[in-house]
Amino acid sequence: MRRVQIFDTTLRDGEQSPGISLSVEEKVEIAHQLARLKVDVIEAGFPITSEGDFEAVSRIAAEVRGPAVAGLARVKFPDIERAWEAVKWAGKPRIHTFVGTSDLHIEYQMRSSREQVVKEAAEAVRFAKSLAPDVEFSPMDATRTEIGYLSEVVAAAVEAGADVINIADTVGYTTPAEFAALLKELQQRVPELKERTLSVHCHDDLGMAVANTLAGVEAGATQVEVAVNGIGERAGNASLEEVVMALATRKDFYGVEVGVDTRQLANTSRMVSNMTGYEVPPNKAVVGRNAFAHESGIHQDGVLKDRRTFEIMVPQDIGLDGNNIFLGKHSGRHALKEAFEELGYHLEGDALNRAFRQFKEIADNKAVTAADLEAIAVDQVGSFEGKFELSHFRVVAASDRQSRAAVTISHAENGTYEAEAEGEGPVDAVFKAIDAATGIKGRLKEFRIDAVTGGKDALGEVRVRVEFEGEECSGRGLSQDVVEAAARAYVRAANVYVANRSGARVTQEAI
Ligand SMILES: CC(=O)SCCNC(=O)CCNC(=O)[C@H](O)C(C)(C)COP(=O)(O)OP(=O)(O)OC[C@H]1O[C@@H](n2cnc3c(N)ncnc32)[C@H](O)[C@@H]1OP(=O)(O)O
Ligand SMILES: CC(C)C(=O)C(=O)O
Ligand SMILES: [Mg+2]
């Protein structure tokens, strides 16, 4: 049976979603989970774009074993060299180079010509192939590229040594039937494609990314580029879990195999959602919380008699068989570490110790759920611990006057600072008191609060984006007290600013 390779681009195209900015630690953690999920390729980033991206791709290449690790590069030699420097540590390194091939892209973005682009594409592939054993080439905006020219570019890339040709529906423009016809014609025009991997990369602008990807498989593609929870540029990429479960559930129809361990899908989806702050809609296919919930009487009746009447997949298939995590205030570090592992997180050393303290504080007040543990893990994996720490705060809030807050902030080297302030509500008052204590004035740009679980005793998770002297920094805080969660998030953002100002480089947390 034909095997379809799963190329995951959560950490590259997925991270291009507006507002998502993962730290290096978070990317490495997600990459480990993708390896557990057994994807075939992890596109870990676009190394030339920043020091942070370069570091993330290099670390993933060096630390994560199993999948191939790809780095993106324009058809520019410096991009390709940088991508190679980052991926070369991988067991299976890949350089992925791309260029716009539609007349729109050539004329208006590249300000170039068809002749020049085909030449640069071939040179780039040849150069990449001189460095890496595995090279992928993508004609960007392929679905709006005239087929004759698309075939010419693809043939040139194949001739130059490309191992994988990835046909990108960059702006989510095509339809399933049209895409299948395009791929078939391309294979006829470039027969050498038979000896290469044909890949598809679809965007969801018209809500057809998954349908187009599956049409690609029907038309002969043996690699699909997807992202967890369908995140990605604009409306996102084809969702990994939907494509995988469609291929697995309808194996009878598609006649292909995938190597993914589908029982890791739910964990992976939650991890990506928690770390990116992009929530999964309740009615989302496969991983939405209602995907296996039956509301109406007739459906419930059917499922009670035989699940197959209204369910085409079972929750266990995606790892929703309930976990066996029972942790309470008497649990120790080993049990906590084990529980984190079960949820897909690897915490050690200081991060585990901080998580353990946080866990004990919570367990003293409430029953700790798997969702609480995930929130604690995310809080520790992605957090940057700087010099300032919130030691204590007090706030008085009333509906008929300004709120008043007092904070004590400790500094790793300079002792403690205390300050008081008034504000429009308790959060504003605490933020102003923190400004006064640290001596750094921040301007709140974004504030988000989420309850980790239901119930009055739920943990509150606050994400802030704050501008300090023209520089925007993010922070995240977790506590049963939402004002405390907000204060912790704000102090973390201030720590990022202080570290950046002093020359240390901190890759920002996502808000
Ligand atoms: C469809 C996709 O997902 S493509 C990937 C998108 N991802 C990103 O853009 C990642 C984040 N990007 C960045 O950090 C920056 O854009 C960088 C570092 C890549 C480049 O920054 P800058 O050098 O300042 O260029 P800027 O982004 O303003 O413009 C892009 C330039 O690359 C050119 N370009 C775009 N794609 C390609 C390509 N595939 N190959 C060669 N050149 C390209 C453009 O024509 C433009 O060139 P110009 O400066 O001569 O006009
Ligand atoms: C880099 C390419 C493959 C891309 O993301 C796109 O065209 O959408
Ligand atoms: Mg894309």
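Helix 13 and helix 14 are roughly perpendicular to each other, a label given to angles of 65 to 115 degrees. The axes of helix 13 (residues 333-342) and helix 14 (residues 349-363) cross at roughly 100° and come within 10 Å. Here axes are lines fitted to C-alpha atoms, for helices over the stretch in contact, and angles run from 0 to 180 degrees between N-to-C directions. Helices (H or I, at least four residues) and strands (E, at least two) are DSSP runs, numbered from the N terminus. Arg-333, Leu-336 and Lys-337 of helix 13 make the contact with Leu-352, Ala-355, Phe-356 and Phe-359 of helix 14; two residues are in contact if their C-beta atoms, placed from the backbone, lie within 7 Å. By class, the residues of this contact are five nonpolar, no polar and two charged. Ala, Val, Leu, Ile, Met, Phe, Trp, Tyr, Cys and Pro count as nonpolar, Asp, Glu, Lys and Arg as charged, and the others, Gly among them, as polar.

This is a predicted model, in which local features need pLDDT of at least 70, side-chain atom pairs count only at pLDDT 80 or more, and totals for chains, interfaces and linings use all residues. Residues are numbered from 1 along each chain as its sequence is written, while chains are lettered from A and ligands numbered from 1 in the order in which they are written.

Helix 3 (residues 77-87) has Asp-79, Ile-80, Arg-82, Ala-83, Ala-86 and Val-87 buried, that is, with 20 or more other C-beta atoms, placed from the backbone, within 10 Å of their own. They lie on the same side of helix 3 because they cover an arc of only 165° around the axis, taken over the directions from the helix axis to the C-beta atoms. An α-helix has 3.6 residues a turn, so residues three or four places apart point the same way. The buried residues of helix 3 pack against helix 2 (51-63), strand 4 (68-74), strand 5 (93-100) and helix 5 (114-131).

Turning to the ligands, ligand 2 is surrounded by Asp-13, Leu-72, Phe-98, Ser-138, Met-140, Asn-166, Ala-168, Thr-170, His-201 and His-203, where a residue counts as near if its C-beta atom, placed from the backbone, lies within 6 Å. Strand 6 (135-140) and strand 7 (164-169) each supply at least two residues of this shell. Its residues comprise four nonpolar, five polar and one charged. Around ligand 1 there are 15 residues, the closest being Thr-49, Arg-74, Val-75, Val-99 and Met-110. That shell divides into seven nonpolar, four polar and four charged residues.

Notes: A residue is buried if 20 or more other C-beta atoms lie within 10 Å of its own, exposed if 12 or fewer, and partly exposed in between; C-beta atoms are placed from the backbone. Angles under 35 degrees count as roughly parallel, over 145 as roughly antiparallel, 65 to 115 as roughly perpendicular and the rest as oblique.
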